[in-house]
Amino acid sequence: MSIDDAIEEVEQFMPGHAWMFTKGRATPDEPLYGFAVFATGAACVQDDEEPLVLTEHDDPVACVHLALKELGG
């Protein structure tokens, strides 16, 4: 499965919600990828808005699937 397919699953399960996918490490020990889903749509996310779910993993697809699982999907 591609990262595009995994994100499409989230978009189908949580339509209209904003999401953010990131790649990078602040320290060598932390996971490479992060994925967050927000309660509001992309045009409404505020700088201080906390995500509904935030997951990290070294595999990008697993990172998104962890978020989907935490959301109940």
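Which exposed residues does the face of α1 turned away from its buried side carry? This report on a predicted model takes up that helix and then moves to the sheet, a loop glycine and the aromatic side chains.

## Helix α1

The face of α1 turned away from its buried side carries Asp4 and Gln12, which are exposed. The buried residues of this helix, which spans residues 3-13, are Ala6, Ile7 and Val10.

What do the buried residues of α1 pack against? Their partners are the strands β1 and β2 together with helix α2.

Three strands make up an open sheet, in the order β1-β2-β3, with antiparallel pairing. The edges are taken by β1 (19-23) and β3 (53-57); each has a single partner strand, so one side of each is left without a neighbour in the sheet. Direction ignored, neighbouring strands of this sheet are turned by 10° against each other on average.

β1 pairs with β2 (residues 33-37) in the antiparallel sense, over five bridges. Within this part of the sheet, Met20 has Ala36 of β2 as its bridge partner. Helix α2 (residues 60-70) packs on the sheet and touches β1, β2 and β3. The direction of α2 makes about 150° with that of β3.

## Gly24 in the loop

Gly24 has its place in the loop between β1 and β2.

Phe38 is 14 residues from Gly24 along the chain, and the C-alpha atoms of the two are separated by 20 Å.

## Aromatic side chains

A pair of aromatic rings is described by two values, the distance of the centres and the angle of the planes. There are three aromatic pairs when centres must lie within 6.5 Å. The rings of Trp19 and Phe35 have centres 5.8 Å apart and planes at 25°; the pair is stacked because planes under 30 degrees apart count as such. Trp19 belongs to strand β1 and Phe35 to strand β2, so this pair ties together parts that are 16 residues apart in sequence.

Is Phe35 buried or exposed? Its relative accessibility is 0%, so Phe35 counts as buried. Trp19, at 34% relative accessibility, counts as partly exposed.

Phe35 also pairs with Phe21: the ring centres are 6.4 Å apart and the planes stand at 55°, so this pair is tilted. The pair links distant parts of the chain, with Phe21 in strand β1 and Phe35 in strand β2, 14 residues apart. Phe21 counts as partly exposed, at 27% relative accessibility. One aromatic cluster is formed by Trp19, Phe21, Tyr33 and Phe35.

Terms used. Residues numbered from 1 in each chain as written. Predicted model: local features only at pLDDT ≥ 70, side-chain atom pairs only at ≥ 80, totals over all residues. Heavy atoms only, no water. Pairing = 2+ DSSP bridges. Helix = DSSP H or I, 4+ residues; strand = E, 2+ residues; numbered from the N terminus. Axes fitted to C-alpha atoms, helices over the stretch in contact; angles between N-to-C directions. Contact = heavy atoms within 4.5 Å. Buried < 20%, exposed > 50% of the residue type's maximum accessible area, 1.4 Å probe, protein only. Phe/Tyr/Trp six-rings, centres within 6.5 Å; stacked < 30°, edge-to-face > 60°.
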